[in-house]
Amino acid sequence: VRDDYLTSEHLADARDVLLHDHPDDHRSEFYSMVVHRYGDIFLGFLWVFDVAFECHRIGGGNQHGPLHVQLVASRDLVNWTRIGDREPILDRGQPGSFDAGMIFYHSLPVTVGDEWWIYYAGFDSCHPPGPNEEASLQAQRLREVAEGRRHLPAIGLAKIRRGGFVSLDAGDQVGTLFTRPMVAGGTKLEINARILTGGEIRVEVQDEAGVPLPGFSANACTPVTGDGVALPVHWGERVCDCSWPDGFLRLVVHVTYSELVLFRFFCQVLYTRILSHIG
């Protein structure tokens, strides 16, 4: 229901690229999805089709309207959660741009340094209204391309901080994140965060029952500052504990004037051995 309600807003923004519109036909459809595994979750790049017009009204058998991409997530590929309050992560461009009508996304993020590069197909027109009009529209479109008034479909590139689609943001009031019990899978902890001037992040490591592990309380944590995708977390001289991968842990993360993107455990010894073997 909420997706159908948002469709009206999306179509209002797309009036410049709509050829046909009928308020009785407005609805939201899920067109396709690309799934990317990242850590222990699956990210889904969901194509959302905002239907403006049923083409049977003009003798066609399709629908007409714009498309954009939203983000969903799952841990089991069965149950999915909408991320980012249904806001587009790959949205249509401004009127007159090559991607003003539709975004088709078939690839996966490419890691380049600290960024994800996302290649997508952009169209300056909406989903075609159907075979009865397609031939004449295609001829008209090609004439407008030749005259410099339209664009052919093209490949676009979007860039984003690695893993940075959403974040936990906090201002001067401390925000606290409590995790569920989890298997660490590594002996060290690092976080992906943008910590503003005067801000900090502190992490407490607890056992499964929520009892702080000796030496790894929030008070013992050295405040994490800076801006990076792999900021190390340490507690004074301690940066890890070899017992972490053997049981369940919980984290309590205190955030001030920061944007916390994610955290991960890793095993430095195993990583070093892999690099040595490759070399």
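**Strand pairing, cores and salt bridges in the predicted model**

In the hairpin of β8 and β9, 2 residues lie between the strands, and Gly 113 there takes a positive phi near 60°. The structure is a predicted model, in which local features need pLDDT of at least 70, side-chain atom pairs count only at pLDDT 80 or more, and totals for chains, interfaces and linings use all residues. Residues are numbered from 1 along each chain as its sequence is written, and side-chain values use heavy atoms, with hydrogens and water left out.

Strands and helices are DSSP runs numbered from the N terminus (strands: E, at least two residues; helices: H or I, at least four). Two strands count as paired if DSSP finds at least two bridges between them. Strand β8 covers residues 110-112 and pairs with β9 in the antiparallel sense over 3 bridges. Within this pairing, Val 112 has Glu 115 of β9 as its bridge partner. Strand β9 itself spans residues 115-123, and strand β7 (residues 102-104) pairs with β9 through 3 bridges, again antiparallel. Here Phe 104 stands opposite Ala 121. Strand β10 (residues 154-161) is another antiparallel partner of β9, with 8 bridges.

Val 110, Val 112, Tyr 119, Ile 155 and Leu 157 form a nonpolar patch with about 410 Å² of accessible area together. Patches are made of residues with over 30% relative accessible area and no salt bridge; nonpolar side chains (Val, Leu, Ile, Met, Phe, Trp, Tyr) are joined within 5 Å, and like charges within 9 Å. Accessible areas come from the Shrake-Rupley method with a 1.4 Å probe, and for residues only the protein chains shown count as cover. At least two residues of the nonpolar patch come from β8, and at least two from β10. Val 112 lies in β8. Its relative accessibility is 31%, so Val 112 counts as partly exposed. The classes are buried (under 20% relative accessible area), exposed (over 50%) and partly exposed (in between), with a 1.4 Å probe and protein chains only.

The interior was examined next. In soluble globular proteins, nonpolar side chains tend to be buried together. A nonpolar core is a set of buried Ala, Val, Leu, Ile, Met, Phe, Trp, Tyr and Cys residues joined through side-chain atoms within 4.5 Å. The largest such core has 23 residues, and Ile 201 and Trp 235 have the most contacts inside it. Two or more residues of this core come from each of β14 (188-207) and β16 (248-266). Strand β14 gives the largest share, 7 residues. Contact means heavy atoms within 4.5 Å. Residues touched by Trp 235 include Leu 189, Val 203, Val 205, Phe 216 and Trp 244. Another core, of 20 residues, lies apart from the largest one; Leu 67, Leu 90, Ile 103 and Phe 104 are among its members.

Leu 71 is placed in strand β5 (residues 67-74). With 3% relative accessibility, Leu 71 counts as buried. Beyond four places in sequence, Leu 71 touches residues including Leu 43, Phe 45, Ile 83, Ile 89 and Phe 165. Ile 89 is 18 residues away from Leu 71 in sequence, yet the C-alpha atoms are 6.6 Å apart.

The structure holds 15 salt bridges. The criterion is a side-chain nitrogen of Lys or Arg within 4 Å of a carboxyl oxygen of Asp or Glu. One of them joins Asp 85 and Arg 2, with the closest N and O atoms 2.7 Å apart. Asp 85 lies in the loop between β6 (80-83) and β7 and Arg 2 in helix α1 (residues 2-13), so this pair ties together parts 83 residues apart in sequence. Asp 85 is partly exposed at 47% relative accessible area, and Arg 2 is partly exposed at 40%.

Arg 75 and Asp 40 meet in a salt bridge at 3.4 Å, N to O. Arg 75 is in the loop between β5 and β6, and Asp 40 is in the loop between β1 (27-38) and β2 (41-51), 35 residues apart. Both Arg 75 and Asp 40 are exposed.

Asp 227 pairs with Arg 161 in a salt bridge whose closest N and O atoms are 2.9 Å apart. This pair links strand β15 (residues 227-232), which holds Asp 227, to strand β10, which holds Arg 161, across 66 residues. Asp 227 is partly exposed at 48% relative accessibility, whereas Arg 161 is buried at 15%. Salt bridges that share partners join Arg 161, Arg 194, Asp 227 and Glu 259 into one network.
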